[in-house]
Amino acid sequence: MLLIFINFINAQKSELVNNEVDVLINSSIEKKAFPGAQIFLKIDNEIIINKSYGFHTYDSIIQVNNNHIYDLASLTKVFGPTISLMKIFEDYKIDLNEPISNYVFELKKSNKKNTTFYEALSHSGGWIPYINHQQNILKKNGNYKKRFVRTEPSNKFSVAITENLFLKESYQKKVYKKIKRSKINKPGQYLYSGLFFFYVPKIIENLTGQSYSDYLKNNFYNNLIINNLTFKPENKLLVVPTEFDEYFRKSLVHGSVHDEASSFFSGLSGNAGLFGSAESIGELIRSLETWPEGQKIFNDNTIEKFTKYATNNLDNPRGLGFDKPTRNNTNEYPHKDISPKSFGHTGFTGTFFWVDPDLKMSLVFLTNRVYPTRKNLKLYELDIRKKLLEIIIKHSKN
């Protein structure tokens with residue numbers, strides 16, 4: 001009888017969460033924070049929400065379904081490079097306090113030669129945030145420099161920026177050269193940077209002999225029951241578009257990675273490039289959960305090492321590759337009542353995931369808030385992520 005009562009209460013909570021989340025997301029769509037969304041929510045081992053909302057675009061032609069895929073933007077950093085390095089850490093016993101230049105030899109004679117894995121993954125190595133590579137292949141009038149970019153593929157111009165724009169393959173060396181020569185700020189201070197993640201595919205290949213994408217498929221993606229994670233979407237009808245890029249690609253970015261720097265590698269750069277559904281990411285997150293029983297990819301000690309605060313700097317809200325709750329009282333990201341043990345990441349296109357071991361909660365929230373333009377900031381102005389967590393936390397604690 002007690003078990004029946006508990007199940008009844010849990011069912012009521014689940015219905016309340018679903019109803020309140022529906023209201024939040026549908027009202028956000030009406031306010032044009034984004035045209036559509038996907039949500040996957042699991043509490044304990046029970047899937048509470050696995051749902052899609054709205055449409056691909058505001059013309060309401062293609063409705064978002066659970067098997068449709070979003071550009072995951074910087075969530076790639078976790079579900080590509082970070083989980084790879086976690087497994088490499090276990091399998092190859094690498095020392096996170098040693099310089100990454102021990103595995104990326106081109107950095108040996110650079111100002112980054114002493115940056116450790118700990119510093120790079122916790123964004124405390126002093127590396128600058130970003131390099132505007134696309135600016136270097138455009139003329140002053142905005143046209144492409146033909147020595148670098150063509151509209152038809154060939155042996156030399158084989159890197160697909162989009163389906164109609166191709167980069168000279170040798171230009172990738174220039175990208176690495178610019179990263180290598182970029183200035184470095186004071187190590188130890190927090191400065192979010194995506195530049196280290198360009199080197200992770202090289203580290204993977206050097207250590208394992210497998211390509212970046214093959215290593216991820218063989219060790220993670222192919223083990224999923226629902227697997228639509230990909231760096232190269234094959235069916236554009238299943239891909240939610242991102243932005244009308246008027247400056248660089250001069251078209252709607254659809255089926256190609258939104259991040260400009262990653263597009264120079266056809267999405268295989270490590271900092272961005274992965275596409276997938278909330279359901280697939282929700283299943284992959286299981287490898288980062290410490291509470292379920294059964295066979296796991298990682299040791300619990302490895303998960304704790306990477307997901308705890310990496311430094312004692314209160315201004316640094318980072319684990320190793322993961323985002324953490326702020327702890328300097330300047331704001332309440334992602335929510336004031338979230339556990340200090342929790343971790344996650346955000347993406348520029350409007351993507352978000354968060355895991356809280358204390359609540360036994362895993363959340364994936366995907367949108368294309370940059371459609372039709374990245375100038376749309378309503379996702380942040382309406383504080384939708386925090387409101388979503390508010391609903392979940394409120395009913396989890398009752």
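R150 has F166 as its bridge partner in strand β6. The model is predicted, with local features requiring pLDDT of at least 70 and side-chain atom pairs counting only at pLDDT 80 or more, while totals for chains, interfaces and linings use all residues. Residues are numbered from 1 along each chain as its sequence is written, and side-chain values use heavy atoms, leaving out hydrogens and water.

Helices (H or I, at least four residues) and strands (E, at least two) are DSSP runs numbered from the N terminus. Two strands are taken to pair if DSSP finds at least two bridges between them. Strands of a sheet pair through backbone hydrogen bonds, in either a parallel or an antiparallel sense. The strand β6 (residues 165–167) pairs with β4 in the antiparallel sense over 2 bridges. Together with β5, these strands form an open sheet of 3 strands, ordered β4-β6-β5, with antiparallel pairing. The edges are taken by β4 (149–150) and β5 (159–162), each with a single partner strand, so one side of each has no neighbour in the sheet.

R150 also belongs to a positive surface patch, which is formed by K139, K146, R147, R150, K156, K174, K177, K178 and R181. Patches consist of residues with over 30% relative accessible area and no salt bridge, where like charges are joined within 9 Å and nonpolar side chains (Val, Leu, Ile, Met, Phe, Trp, Tyr) within 5 Å. Lys and Arg count as positive and Asp and Glu as negative, whereas His and the chain ends are not counted. The place of a charge is NZ of Lys, CZ of Arg, CG of Asp or CD of Glu. Accessible areas come from the Shrake-Rupley method with a 1.4 Å probe, and for residues only the protein chains shown count as cover. Helix α4 (residues 171–181) gives the most to the positive patch, with 4 residues. R181 is found in helix α4 and is exposed, with a relative accessible area of 65%. Here buried means under 20% relative accessible area, exposed means over 50%, and partly exposed lies in between (1.4 Å probe, protein chains only).

Strand β12 (residues 361–367) is mostly covered, with 7 of its 7 residues buried. M361, L363, F365 and T367 point one way from β12, while S362, V364 and L366 point the other way. Strand β1 (residues 36–43) pairs with β12 in the antiparallel sense over 7 bridges, and I39 has F365 as its bridge partner in β12. Strand β11 (residues 351–356) runs antiparallel to β12 and is joined to β12 by 6 bridges; in β12, the bridge partner of V355 is S362. The hairpin of β11 and β12 has 4 residues between the strands, and K360 takes a positive phi near 55 degrees there.

The structure holds 14 salt bridges, each being a side-chain nitrogen of Lys or Arg within 4 Å of a carboxyl oxygen of Asp or Glu. In the salt bridge between K202 and E106, the closest N and O atoms are 2.7 Å apart. K202 lies in helix α5 (residues 200–208) and E106 in the loop between α2 (75–92) and α3 (117–121), so the pair ties together parts 96 residues apart in sequence. K202 is partly exposed at 25% relative accessibility, and E106 is partly exposed at 28%. E260 forms a salt bridge with R249, with the closest N and O atoms 3.8 Å apart. E260 is buried, with a relative accessible area of 8%, and R249 is buried, with 4%. E243, D245, R249, E260 and R374 are linked in a network of salt bridges.
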